[in-house]
Amino acid sequence: MKNQKLTVIFKCLGWICLIFLTLMGFSMHWMLVTWSDLTFEEVLFQLSAIQGTGNGMITQYIVNNVVPVVVIFSIVFILRFIVFKKDTWKKNLVRAVSVFGIGLFLFYFTSSAIKLDLFAYIKGQLFPGTFIEDNYVDPQSVNIDFPEKKRNLIYIYMESGETTFADKENGGAFDENVIPELTALAQENEDFSGADKTLNGGLSLYGTTWTMGGIFAESSGLPLKTDVGKNKMSTMESFAPELITIGDILDDHGYNQVYMIGSPAIFGGRDLFFKDHGNFEIKDYYYMQDNGIIPEDYYVFWGFEDKKLFSFAKDELTELSKKDEPFNLTLLTVDTHFEDGYVCDLCENKFDEQYSNVYACSSKQITEFVDWVKQQDFYENTTIVISGDHPTMDQNYCTNVDPSYSRKVYTTFINAAATPEKNERREYSTFDAFPTTIAAIGATIEGNRLGLGTNLFSSEETLLEKYGESSLNSFLKQRSEFLSKLMDTDTVEYKDYTYLHNATVDVQKSDEGKFSITVRDILEIGEGIDKIDLCITPDGSEKETVYPMVYDGFTTYEALVDSLSIPGNYGHIRVEVTGLSGEKYNVYETDTDIYLLSEDYISYLKKLREYLDEGRDITILTSAMKDATLNFTAPMGKAMNDLGFETDFLNLNKQSYYGILDQESVTEHLSRDYLTYTGSFSDGTTYKVNSGGKFAGNTSHLIIGDTDYSNRTPGFNYLVYDNTSSRMISNASYGTYYHPLDVDLKMTSYDAVNNLITVEASNVRGIRKWEQDNKSVIKYFDPKDQSTLDFSVLGLNDENKTLSATFEYSASLNDQIQLQLNVAGSRGKVRTTESITSLEFLQYSDVNEYLSYIGKRDDIAILLAVNTFGALYPHAGSFEDLKTLGLGSQGDLNVENLRCGYVAVIDDGKIVTDKLQNQQSEDYAEDSGTLSNGTEYSIKSTGYDIGSGTSICLNGTDYSLNRVGLNVVIYDLNRNEVVDTAVIKWVDSYMVSR
């Protein structure tokens with residue numbers, strides 16, 4: 001049996017590997033036919049900076065790679081498992097597919113290695129060189145003198161702009177000139193072609209052949225060769241902080257600098273680069289959205305088109321020109337991005353190829369923009385530079401270009417404050433744009449060299465002229481320790497703060513001033529529980545006090561602890577479970593402020609407010625991660641504002657956010673960018689807060705010293721520091737990104753002869769990646785006898801995405817069964833639901849059948865309470881169906897009262913309570929009293945605007961599942977025990993779930 005299971009596992013792994021290898025083969029083929037002149041360095045960089053990629057590119061990848069693989073293996077699986085009957089046919093099919101998949105992978109891996117020059121990359125890493133160090137000129141080591149009246153600069157990076165697209169007569173490689181206006185513009189101005197009127201431009205050398213590489217080269221005179229394993233672009237805190245670029249130089253000379261782009265600037269780390277090097281104001285796609293300049297739902301190609309970019313640039317220049325300081329407006333166009341570009345309403349259909357029409361359109365738009373600038377008063381003192389960022393990556397567009405033709409980026413300097421010393425054609429690269437641009441705005445450079453670049457207005461020899469393209473590229477491929485130091489972001493590796501938390505611990509103050517400490521949702525215990533002890537060592541003491549915990553008969557263990565016995569509420573807390581076998585398990589252990597332990601987010605925030613009101617000298621750090629407010633509620637936002645934060649959290653919109661709050665002040669920052677903030681507590685201890693929202697890395701860091709205290713939970717992560725005792729007293733996190741935990745759990749069959757119950761779980765909410773086979777478990781036992789505890793592993797049905805298990809349970813129709821569902825997901829196992837039921841009621845999952853049955857059942861009490869979070873997603877029939885129980889007779893149960901709390905009690909067929917919250921005067925609907933058999937009850941449903949939540953207590957035990965929808969507890973009046981706990985689901989499906 002064991003060998004059979006291993007065989008199945010290995011076969012499954014074999015199929016997975018085969019599918020993966022085939023997908024990689026298709027992917028590498030797509031890469032080779034889509035991109036031209038890729039380097040391995042570029043591939044590594046782009047993998048670290050994938051955020052902000054255009055939707056079209058992702059769609060193309062899926063269509064050209066994922067879809068073919070799905071189709072191929074769908075056919076293979078149909079043939080292998082359904083059509084073919086003979087084993088020889090099946091084996092031959094598997095062999096053929098294996099040869100195809102592995103062969104495809106090996107062929108394109110080899111082709112990719114050759115195309116990407118992988119072996120040269122490896123050689124360069126193994127044998128570093130000193131070429132860059134030997135030839136680099138540090139801008140800080142030479143004198144750069146600006147004129148008294150500084151010139152303005154407009155720098156236009158033309159996406160994939162090449163001289164190649166001109167006709168052969170004018171120095172291009174095409175039969176017909178696609179960019180006639182730009183051709184004329186270069187010929188009328190300066191492209192360093194000397195007396196030769198054919199176009200000239202800069203070569204894109206190794207490390208400069210993609211957008212960020214090109215921008216980096218033209219700004220710093222260096223190739224972009226970063227340790228991407230260490231410096232993930234979306235979450236780097238700085239971009240080559242030791243480097244001096246043109247932006248840094250202009251910033252030092254008082255320039256107002258703006259970077260404007262029609263796509264998200266986060267892509268490729270561009271936002272960080274321009275902020276770090278020149279303090280540019282970034283006006284990208286998101287900026288235009290956030291400021292109402294374009295509609296929130298506007299999105300074409302990579303963001304917005306160049307027509308809008310140039311219109312916005314005109315407005316920006318008009319404002320910049322009114323200021324006393326000189327300006328630098330840097331633009332990056334996007335319409336000519338491969339593949340095929342974006343056809344806007346200005347584009348004509350002159351050429352057979354779409355890409356040619358887009359380039360022709362871009363040529364006109366850029367030239368018209370330059371003509372507009374020339375008509376402005378500020379033009380006289382303004383230099384315009386137009387440069388391609390890199391050659392086009394569109395593999396097919398340049399198929400007919402002669403391989404001997406030297407493809408160069410388009411380059412022209414307009415209205416420069418310098419003239420070439422030599423009237424001859426120069427050979428130059430994009431590195432040379434850095435010092436040449438400085439010279440073009442009237443500055444003089446000692447030695448006429450910066451970075452690896454040369455001022456082309458001077459007679460100084462360029463590195464390209466000195467070494468030639470082939471040798472220069474060989475030198476650039478070598479790993480440079482010198483460049484690595486310049487690029488180093490000083491990233492520090494922090495150790496994670498860890499603590500044991502295989503249980504949920506919550507602390508509340510009782511009326512007597514004691515701490516009511518509860519433990520529930522205990523995981524990783526494979527047997528019934530004999531007892532649980534709460535062990536606390538107060539701060540400053542070496543003695544551990546043990547508090548036996550009292551079981552409420554359902555989900556929770558409680559101990560009352562005198563708060564005065566824990567000075568400052570701080571101490572070491574440990575929860576020890578003793579199993580029925582006598583084995584002991586630690587399920588929770590940490591050093592913390594015990595009072596701040598809170599299962600509920602709003603409760604935690606209120607406790608912090610309480611501490612501030614008491615005058616405690618604490619500092620609260622919070623960091624948002626991912627889309628932190630995806631399942632955030634208005635009451636949570638109000639509680640955060642009541643605490644002292646001032647942000648409108650309901651409008652966080654997937655952004656990064658951090659907040660620092662103490663008795664004196666609040667510091668907050670909200671941005672689409674990756675955020676970092678460093679500060680000091682009042683005792684001098686330094687801290688760092690980082691936040692990466694949906695657009696910026698999806699991460700969180702709360703750092704003191706060398707320890708990161710953030711739990712990195714998608715939502716809000718907290719660290720609380722006590723300035724008096726100089727220590728962290730709380731780290732907590734609340735997953736407001738996730739939907740509240742929920743699941744559809746029902747019995748699908750019962751075999752009375754063999755005592756077999758089959759249960760099915762589906763629509764799991766609040767847990768990512770729950771669709772795993774043989775990972776989740778369901779535990780079942782008699783709630784009065786934990787020695788009966790057993791469990792079954794849930795298998796996955798891929799077809800309908802359900803988890804199911806069949807287990808033996810010898811219970812009579814009305815015997816109690818307690819069910820615990822522990823679902824495995826990306827965060828490990830999570831207790832998704834725990835309920836007490838019986839076969840009598842478990843057989844019903846249809847709402848109408850369930851309500852009809854309990855409505856006719858004698859000798860029971862029905863207690864109902866709405867979790868109003870579910871009221872936001874009501875089923876159309878949910879209100880009418882309740883009327884079958886005689887509830888809502890006054891018409892209060894309707895869609896107009898979705899946000900109200902609601903409770904009802906039916907005692908042996910008589911309606912005792914049918915109460916809807918009055919939103920004008922009440923925070924919740926509640927009722928309490930005594931059932932006809934003497935059982936005390938209290939029931940509560942909190943309105944949505946206060947925070948949602950339910951409790952249904954009988955003799956002091958809360959039996960409510962407190963899940964989204966209408967929570968139900970059925971109490972047998974004769975047996976004096978709960979016989980069903982359920983929720984009528986209003987989300988995903990309309991059903992009765994346990």
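Predicted model: local features only at pLDDT ≥ 70, side-chain atom pairs only at ≥ 80, totals over all residues.
Biologist: Which residues sit on which side of β40?

Modeller: Tyr 902, Ala 904 and Ile 906 are on one side. Val 903, Val 905 and Asp 907 are on the other. Both faces are covered.

Biologist: Which strand is joined to β40 by 5 bridges?

Modeller: That is β39, residues 860-867, and the two run antiparallel. As a landmark, Ala 861 stands opposite Asp 907 in β40.

Biologist: And how many bridges pair β40 with β41?

Modeller: There are 6 bridges, again in the antiparallel sense. Strand β41 covers residues 910-916. Look for Val 903, which stands opposite Lys 915 in β41.

Biologist: What happens in the hairpin of β40 and β41?

Modeller: The hairpin has 2 residues between the strands. Asp 908 takes a positive phi there, near 50°.

Biologist: Which asparagines have a positive phi near 55°?

Modeller: Asn 755 has one, and Asn 976 has one too. Asn 755 is in the loop between β31 (742-751) and β32 (756-765). Asn 976 is in the loop between β46 (965-972) and β47 (977-984).

Biologist: Why does Asn 755 count as partly exposed?

Modeller: Its relative accessibility is 22%. Buried means under 20% and exposed means over 50%, so a residue in between is partly exposed. Asn 976 is also partly exposed, because its relative accessible area is 45%.

Biologist: New topic. Where is Thr 382?

Modeller: Thr 382 lies in strand β7, residues 382-388. Thr 382 is buried, because its relative accessible area is 0%.

Biologist: What does the Thr 382 side chain make a polar contact with?

Modeller: The side chain of Asn 152, at 3.2 Å.

Biologist: Which residues is Thr 382 in contact with, leaving aside its neighbours within four places in sequence?

Modeller: Arg 151, Asn 152 and Ile 154 are among them. The list also has Phe 327, Ile 414 and Asn 415.

Biologist: Now helices. Which residues of α19 are buried?

Modeller: Helix α19 runs over residues 634-643. Pro 635, Met 636, Gly 637, Ala 639, Met 640 and Leu 643 are buried.

Biologist: What comes just after α19?

Modeller: Gly 644, which takes a positive phi of about 140°.

Biologist: What about the surface? Which residues form a nonpolar patch?

Modeller: Val 67, Val 71 and Ile 75. Together they have about 240 Å² of accessible area. Ile 75 lies in helix α3, residues 55-83. Ile 75 counts as partly exposed because its relative accessibility is 48%.

Biologist: Why would residues spaced like that point the same way?

Modeller: An α-helix has 3.6 residues a turn, so residues three or four places apart point the same way.

Biologist: Last topic, salt bridges. How many are there?

Modeller: The count comes to 38 salt bridges. One of them joins the side chains of Lys 283 and Glu 316, at 2.7 Å from N to O. That pair links distant parts of the chain, 33 residues apart. Lys 283 is in strand β5 (residues 281-283), and Glu 316 is in helix α12 (residues 306-320).

Biologist: Are Lys 283 and Glu 316 buried or exposed?

Modeller: Both Lys 283 and Glu 316 are buried.

Biologist: What does Glu 576 meet in a salt bridge?

Modeller: Arg 574, at 3.0 Å from N to O. Glu 576 counts as buried because its relative accessibility is 15%. Arg 574 counts as buried too, at 13%.

Biologist: And how exposed are Lys 801 and Asp 798?

Modeller: Their side chains meet in a salt bridge at 3.5 Å, N to O. Lys 801 counts as partly exposed at 38% relative accessibility. Asp 798 is exposed, with a relative accessible area of 53%.

Biologist: Which residues are linked in a network of salt bridges?

Modeller: Lys 784, Glu 840, Arg 857, Asp 972, Arg 975 and Glu 977.

Methods:
Residues numbered from 1 in each chain as written. Heavy atoms only, no water. Patch = residues over 30% accessible without salt bridge, like charges linked within 9 Å, V, L, I, M, F, W, Y side chains within 5 Å. Areas by Shrake-Rupley, 256 points an atom, 1.4 Å probe, with all protein chains shown as cover. Salt bridge = Lys/Arg side-chain N within 4 Å of Asp/Glu carboxyl O. Helix = DSSP H or I, 4+ residues; strand = E, 2+ residues; numbered from the N terminus. Buried < 20%, exposed > 50% of the residue type's maximum accessible area, 1.4 Å probe, protein only. Pairing = 2+ DSSP bridges. Polar contact = N/O pair within 3.5 Å; in protein donor to acceptor, adjacent residues only side chain to side chain. Contact = heavy atoms within 4.5 Å.
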